[in-house]
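Please keep both in view while reading.

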Amino acid sequence: MPKKKLPPISSKKVAPAVVKSIDEWQAAALRFTGFPVPSFPIGEVDWWQKVTGVDVELRTSQPKKALFQDEGNLEGGRLTLKLEPMRIDWILAQTDAQDHEVGSDFKTVTLFSAAQELFLKYLSQWFQLNLCPPLRRLAFGAILLHPVSDRRTGYERMSKFLPAVTIDPQGSSDFVYQINRPRASTLVGGEYRINRLSKWLVLTQGMRGIQVGPDFVHVVSEDKAKFECRLELDINTAADFEGPFSGEKVPGMFDELVKLGREIALSGPYGARRSSRARQ
Amino acid sequence: MPSALGGRIDDLVRSCFALGKEERFEDGMESNFSRTLLSLLNKYGSNFVHSLMPLLVTKRVNAEVAGEALRWLGASKHSSSHSSRRWLLEHLLLNSSSPHVRDGAILGLSFMHDASAIPSLKSAIEKEPYQELKRDIGQVLSQLESKSQCPSSSEKSVR
């Protein structure tokens with residue numbers, strides 16, 4: 001069966017954004033994932049220290065499982081490097097200070113643009129130091145949040161990103177929507193496919209203080225429930241195209257993945273097509 | 001992979017290799033070990049391969065049993081785990097210090113008929129110290145370069 005030709009990515013066809021600014025989203029976590037070629041030897045590396053210029057705060061080694069992790073707080077975020085067979089992850093997420101703050105608001109690093117800038121600053125250093133090995137596949141991941149006053153408001157907001165779906169904002173709960181909208185890349189001759197996975201939901205968070213005795217449990221305090229729109233992005237190169245991609249090519253490819261993620265965060269997964277249909 | 005499932009598969013992997021340690025293998029013949037290995041692969045797919053990797057990569061199993069495992073992993077037609085199995089075989093071919101393991105990896109790759117392995121085989125033949133294994137790699141290379149078959153697998157999510 002002939003392969004269906006995928007539409008190319010074209011910046012001219014990007015739909016009007018649902019939100020005015022990407023910074024209406026807060027970045028709880030940003031991720032770079034690389035799948036190294038088989039020749040890459042598995043073991044501890046000194047990348048974290050070389051990239052950041054400071055000592056690792058916490059090193060976790062599980063040699064029997066071939067798992068290695070370095071992490072530390074940097075400029076308002078926590079940067080983690082994880083190595084395991086077949087996979088390298090760089091993750092920028094919340095800091096420890098926010099972790100232990102009782103009654104704190106939703107855990108976020110900062111606004112999306114600032115988080116992206118910080119994350120790419122360290123990734124760029126990794127690329128420039130020629131530490132990135134050849135990869136057979138790579139991915140950009142993100143967890144983005146937008147606090148709302150209640151579930152209904154959250155569903156109303158999400159409806160703007162998902163015009164293909166009818167949500168009853170008042171009478172619904174536990175709604176989760178996940179979709180992949182693959183595209184052909186503008187790089188590597190256009191024969192190279194990118195999966196654009198997005199997952200949309202409204203989360204509820206709350207905290208309760210409880211007193212536990214030998215024969216009783218009392219709720220002694222309860223915070224007002226908090227709601228947030230949550231968008232999980234997984235933008236990745238398709239598994240059936242295995243490069244390898246040299247260290248020199250990876251930065252440009254990753255930029256493309258990040259750009260596609262931003263487009264979804266601004267315009268939803270249907271972006272261009274839906275908009276062109278709406279104009280008819 | 002959820003940690004409970006991963007833990008269970010890890011236990012099964014260890015049991016499987018404990019079984020293999022007690023067996024005597026005959027070239028090309030199935031064994032209780034190979035049947036158990038393939039049964040686990042068919043049931044758990046790539047999750048099983050991922051559980052197997054640390055054991056083989058960190059040399060925590062008998063080299064002969066490891067080589068036998070790689071041979072049967074390559075021979076399997078389980079489609080969704082094809083990519084991860086091939087990566088494991090190529091990785092061990094290029095990085096293992098054991099000739100038994102490298103031999104098993106070469107044999108496994110010969111069964112996979114996947115031309116994507118050609119670059120790794122070319123690298124391996126350059127650095128292989130044993131002539132017999134060098135010859136074997138050369139044969140697999142010739143086979144793949146003449147056939148150039150390349151099955152594909154699809155995995156959309158990277159989480």
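V37(A) is situated in the loop of chain A that runs between β1 (26–36) and α1 (47–52); helices (H or I, at least four residues) and strands (E, at least two) are DSSP runs, numbered from the N terminus. With a relative accessible area of 12%, V37(A) is buried, where buried means under 20% relative accessible area, exposed over 50%, and partly exposed in between (1.4 Å probe, protein chains only). Leaving aside neighbours within four places in sequence, V37(A) is in contact with P134(A), L135(A), R136(A), P244(A) and W87(B); contact means heavy atoms within 4.5 Å. Along the sequence V37(A) and L135(A) are 98 residues apart, yet their C-alpha atoms are 5.3 Å apart in space.

The model is predicted, so local features need pLDDT of at least 70 and side-chain atom pairs count only at pLDDT 80 or more, while totals for chains, interfaces and linings use all residues. Residues are numbered from 1 along each chain as its sequence is written, chains are lettered from A and ligands numbered from 1 in the order in which they are written, and side-chain values use heavy atoms, with hydrogens and water left out.

## Chain A as a whole

Chain A contains 6 helices and 13 strands. Of its 280 residues, 47% are buried. Among contacts in chain A with a separation of 6 or more, 70% join residues 24 or more positions apart.

Q62(A), in strand β2 of chain A, is partly exposed at 34% relative accessibility. Q62(A) and E248(A) are 186 residues apart along the chain, and their C-alpha atoms are separated by 31 Å.

## Cavities

How many cavities of 30 Å³ or more does the structure hold? There are 2. A cavity is a set of points, on a 1 Å grid over the protein atoms alone, where a 1.4 Å probe fits but cannot get out, and lining residues have an atom within 4 Å of a point. Grid points are joined across faces, edges and corners, and a volume is the space filled by probe spheres set on the points.

The largest cavity is lined by E44(A), V45(A), R59(A), S61(A), F68(A), Q69(A), D70(A), L81(A) and L83(A). At least two of the lining residues come from each of β2 (58–62), β3 (67–74) and β4 (77–84) of chain A, and β3(A) gives the most, with 3 residues. Around the second largest cavity lie F40(A), P41(A), I42(A), A66(A), L83(A), E84(A) and R87(A).

| Cavity | Volume | Lining by class |
|---|---|---|
| Largest cavity | About 50 Å³ | 4 nonpolar, 2 polar and 3 charged residues |
| Second largest cavity | About 30 Å³ | 5 nonpolar, no polar and 2 charged residues |

In these classes, Ala, Val, Leu, Ile, Met, Phe, Trp, Tyr, Cys and Pro count as nonpolar, Asp, Glu, Lys and Arg as charged, and the others, Gly among them, as polar.

## The interface between the chains

The size of an interface is often given as the accessible area lost when the parts come together. Between chain A and chain B the buried area is about 2100 Å², of which carbon and sulfur atoms give 56%; buried area is the accessible area (1.4 Å probe) that two parts lose on being put together, summed over both. In chain A, P38(A), K64(A) and M86(A) lose the most area to chain B, together 28% of what that side buries. In terms of contacts, 31 residues of chain A meet 22 residues of chain B.

Not counting residues up to four places away in sequence, S120(B) touches P38(A), E90(B) and L94(B).

## Loop residues with positive phi

D174(A), a residue other than glycine, has a positive phi near 60°. This residue lies in the loop between α4 (151–161) and β8 (176–180) of chain A, and D174(A) is exposed, with a relative accessible area of 71%. In chain B, H113(B) also has a positive phi, near 50°. The loop that holds H113(B) runs between α6 (99–112) and α7 (118–127) of chain B, and H113(B) is partly exposed at 26% relative accessibility.

How values were computed. On a 1 Å grid over the protein atoms alone, a cavity is a set of points where a 1.4 Å probe fits but cannot get out, and a pocket is an open set with protein on both sides within 12 Å along at least five of seven lines; lining residues have an atom within 4 Å of a point.
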